[in-house]
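Please keep the sequence and the coordinates at hand while reading.

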Amino acid sequence: MKLYAKYFSMHIKSQMQYKLSFFFTCTGQFLVAFATFLSIHFLFARFDSVGGFTYEEVLICFAVMIMAFSLSELIGRGFDRFPILLGNGGFDRIMVRPRNVVFQVLASQVEFSRLGRFIQAVVVLAFALPRSGIDWTWDKILTLIFMIVCGAFLFFGLFVIYAAFTFFTLEGLEFMNILTDGGREHGRLPFSVYGDGVLKFLTYVVPLALVQYYPLLYLTGRTEDMRYMFVPILALLFLIPCRAFFKLGMRKYKSTGS
Amino acid sequence: MIRLENISKTFRVRKRNAGFGRALRALFSREYEDIHALRDVSFAVNDGEMVGYIGPNGAGKSTTIKIMCGVLTPDGGACDINGRTPWKHRVAHVRDIGVVFGQRSQLWWDVPVIDSFELIRDIYKTPQAIYKRNLDELTDALELAEILKTPARSLSLGQRMRCEVVASLLHDPKILFLDEPTIGLDAVSKIAVRQFIKRLNAERGTTVLLTTHDMQDIEALTERIILIGKGQILLDGTLETLRQRANINASEMTDGNIATDAEAWVAALYKEYEI
């Protein structure tokens, strides 16, 4: 952990060498997320509810997903940029260091410009929380935290899978973006609005709905079942196959890499 | 002590053919080609030895180094370095080795070199006293004191390479692998790096294994040379035996024009083995 802090400060020093670029990327990130916010806003200018959810409820949903995604990108960017690490030999250097490989990949990148997106989510959340009509008791607060934290881990797992694929293809696979960027963009609305098939897929295959739709039901009082509160934790099981897949990829690299 | 026995390594490469039609066909049926990067490579290096590992591009030098560093796992054969198998005991093994990849930097581009060094100290958990001693000695020997506060991106190639060497030695490795350490350097830097490696080997008894295309490196540094071509060890001997061997052939080939400088006799050897 101390070592990670060291890496962290190195990244800050590096990125502060390019203050203007950092500022623009941050602003860009903010604006992209803002566009998504506007799309929700205009949607609700015409309709009172979407899939039975109100404006404020959808905004919470949106903010949670953005927050989870930007957190996982802030920390787990090393996996998102893994093809580059593999291509420029950075991974070989990681292999000759006496430290855990996953840790080093994590530490190899910290993307502070994601804070732009994160701030957006904070603002939206601050707007929506008091207006949503939800009585913010401790269990609701805990549910919200579970959604954000477990959501971040889930996106991180997707980055790891993406990275593991590059062991086999040596290039990034854009189709994974359907799940990562796509998950974030479409996650602005509760997944139930996309129909039963999509919801099932996002429940049992890539459990994004476990950190979004189901806990949201509890959060908004649509169900009193306390189990829904802990559903996001269940989504963490997804990290096990992610890790296994990465290990498999590493074994393949060690036998074929160049 | 480094010991390699019958190490072999095959890469499976997908055949890529020219032309659109063939590229299209390759989408459906893949043809593979086996490339034997290493075939039954065996050699041993004693503690404190300095060995030059030479061969043309694509001969398998880097693959051998990567296997010895624990980056790659060979298909067959055994490798024992100070009682450990690199790819099985990676973490324990790499603590004892230093690696310089001449064409790839381990320094942080945008921060002062000294910060990179300190991070490396923390990665290896080197005690502060040892780190301090090494840093002072190394910066002194390589005349780096003035550039420690400079970011790596502002360094000349020669300065950077000297910093790379320092970065690889801060944790007191017993073995140093150098993969083309003098590539692209000017004469002054080359000589500085060479002299330093020589001193390191003499004073600390560090085992050094270096690959290079620069024959002056070899002449200046190593007593012993291992020649590899097409994945096989072709010659393993002292500089003198290799030179003599090359001269015999060179004289046959060039009608008595005996190759004198290193470049020429190595070229003659490459020719002889058709590598």
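A crossing of two helices is called left-handed if the near helix is turned anticlockwise from the far one by less than a right angle, and right-handed if it is turned clockwise. In this predicted model, α2(A) passes α7(A) in a right-handed crossing. Helix α2 of chain A spans residues 19-46 and helix α7 of chain A residues 115-131; their axes come within 7 Å and cross at roughly 40°. Angles under 35 degrees count as roughly parallel and those from 65 to 115 as roughly perpendicular, with the rest between these ranges counted as oblique; α2(A) and α7(A) are therefore oblique to each other. From α2(A), the residues Cys26(A), Thr27(A), Gln29(A), Phe30(A), Ala33(A), Phe34(A) and Phe37(A) meet Leu115(A), Gly116(A), Arg117(A), Ile119(A), Gln120(A) and Val124(A) of α7(A). By class, the residues of this contact comprise 8 nonpolar, 4 polar and 1 charged.

On the side of α1(A), the contact is made by Leu3(A), Lys6(A), Met10(A) and Lys13(A), and on the side of α4(B) by Asp115(B), Leu119(B), Asp122(B) and Ile123(B). These residues divide into 4 nonpolar and 4 charged, with no polar residue.

The contact between the chains as a whole takes 19 residues from chain A and 24 residues from chain B. On the side of chain B, at least two residues each come from β1 (2-14), α2 (61-69), α3 (90-95), β5 (97-101) and α4 of chain B. The largest share, 5 residues, is supplied by α4(B). Classified by type, the side of chain B that touches chain A holds 14 nonpolar, 3 polar and 7 charged residues.

Chain B also contains sheets. One is an open sheet of 3 strands with the order β2-β1-β4 and antiparallel pairing. Its edges are β2 (32-45) and β4 (76-81) of chain B, each with a single partner strand, so one side of each has no neighbour in the sheet. On average, and with direction ignored, neighbouring strands of this sheet are turned by 30° against each other. The antiparallel pairing of β1(B) with β2(B) extends over 10 bridges, and the bridge partner of Thr10(B) in β2(B) is His36(B).

Another open sheet of chain B has 6 strands in the order β5-β6-β7-β3-β8-β9, with mixed pairing. Here β5 and β9 (232-238) of chain B stand at the edges with a single partner strand each, so one side of each is left without a neighbour in the sheet. Strand β8 of chain B (residues 224-229) runs antiparallel to β9(B) and is joined to β9(B) by 6 bridges; Leu235(B) in β9(B) is the bridge partner of Leu227(B). Helix α6 of chain B (residues 157-169) lies across β5 and β6 (175-179) of chain B, at about 160° to β5(B).

Confidence remains to be considered. The model scores ipTM 0.86 and pTM 0.87. Chain B has a mean pLDDT of 87, with 90% of its residues at 70 or more. Within chain B, confidence is highest in α4(B), at a mean of 96, and lowest in helix α1 of chain B (residues 20-28), at 67. Where pLDDT is low, the predicted coordinates should not be read in detail.

Technical notes: Residues numbered from 1 in each chain as written. Chains lettered and ligands numbered in written order. Predicted model: local features only at pLDDT ≥ 70, side-chain atom pairs only at ≥ 80, totals over all residues. Contact = placed C-beta atoms within 7 Å. Helix = DSSP H or I, 4+ residues; strand = E, 2+ residues; numbered from the N terminus. Nonpolar A, V, L, I, M, F, W, Y, C, P; charged D, E, K, R; others polar. pLDDT = per-residue confidence, 0-100. Pairing = 2+ DSSP bridges. Axes fitted to C-alpha atoms, helices over the stretch in contact; angles between N-to-C directions. Parallel < 35°, antiparallel > 145°, perpendicular 65-115°, else oblique.
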